[in-house]
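Student: I'm new to this structure and would like a close look at a single part of it. Please pick one spot and walk me through what is around it.

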Amino acid sequence: MALSTRILSKSRQLCGSQSILQKENTIPVRFYAKEAAAPLANKGDEILKNIFLEVKAKYETALGIFRKEKITIDPDDPAAVSQYAKVMKTVRQKADLFSESQRIQYTIQTRTQDVPDARTYLLTLKDIRIKRGLTDDLGAEAMMMNALDKVEKEIKKPLMRNDKQSMALLTAEFDKINKKLGIRKEDLPKYEEQLELKIAKAQLEELKKDAFEAMETQKKRYEFKDEAMPDVKSLDIRNFL
């Protein structure tokens, strides 16, 4: 069950990340009678109930897909990685979940909406990348910081994000960097696909590790000490659900 739990936790994390409970207006209780407060409590209960039902429906949708689709736990096989990425994409589409790139975009928006200056903004992007386990293989971050240094040296002050004229200078520098690196807006879907494959490979590596640990634990039990452990690639996750 440890292996199946690890698989299903992926869908639970995605489901949970998209259910946002809005804060209700704070009510000074001492100004209201119990009879007046009751409908507010019921309203809150209804909101929580609806959120629970939504998450439950998404989870059951994901579980149904995992029960049908074959997943081979082999992160070193490009075909297995591609199939796993395809299954996860189907889960996201059927359960109406964010893709990884959409989750990253949402994180960037929420964490940077109140950031006033360009330098803090770029440092926040770097922090998000590191925490997401993504690598900057092209060295784009260093290039962007150098571009910011150049603009701030030119304007002789820190670059604020509401300074449209100076931000235009930085945007022009970023366009030069993109051109140098061969990054084009029309290629963004391709980059997203590459990101999804990279994440799929990493998740399969985690599943492989979990499977090995589960089998090693099983092997230590007396009744299984003489039995050979199966190859992880031969495991069919559908049998564990």
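**Around Glu152**

Tutor: Let's start with Glu152: leaving out residues up to four places away in sequence, Glu152 touches Arg119, Lys157, Pro158 and Leu159, where contact means heavy atoms within 4.5 Å. Keep in mind that this is a predicted model, in which local features need pLDDT of at least 70 and side-chain atom pairs count only at pLDDT 80 or more, while totals for chains, interfaces and linings use all residues. Residues are numbered from 1 along each chain as its sequence is written, and side-chain values use heavy atoms, with hydrogens and water left out.

Glu152 sits in helix α6; helices here are DSSP runs (H or I, at least four residues), numbered from the N terminus. With a relative accessible area of 15%, Glu152 is buried, a label for under 20%, with exposed meaning over 50% and partly exposed in between (1.4 Å probe, protein chains only).

Helix α6 (residues 140-155) packs with helix α5 (residues 118-131) at an angle of about 175°, their axes 10 Å apart. Those axes are lines fitted to C-alpha atoms, for helices over the stretch in contact, and angles run from 0 to 180 degrees between N-to-C directions. On the α5 side the contact is made by Ala118, Arg119, Leu122, Leu123, Lys126 and Arg129, and on the α6 side by Glu141, Met144, Met145, Leu148, Asp149 and Glu152. Sorted by class, that gives 6 nonpolar, no polar and 6 charged residues; Ala, Val, Leu, Ile, Met, Phe, Trp, Tyr, Cys and Pro count as nonpolar, Asp, Glu, Lys and Arg as charged, and the others, Gly among them, as polar.

Arg129 of helix α5 is worth a stop too. Arg129 counts as buried, at 18% relative accessibility. Beyond its neighbours within four places in sequence, Arg129 is in contact with Leu134, Thr135, Asp136 and Glu141. Its C-alpha atom is 8.6 Å from that of Ile104, 25 residues away along the chain.

How far can you trust all this? By pLDDT, the predictor's confidence in each residue from 0 to 100, α6 has the highest mean among the chain's elements (96), while helix α1 (residues 2-17) has the lowest (46). Over residues 10-36 the value stays under 50. Where pLDDT is low, the predicted coordinates should not be read in detail.

How values were computed:
Helix = DSSP H or I, 4+ residues; strand = E, 2+ residues; numbered from the N terminus.
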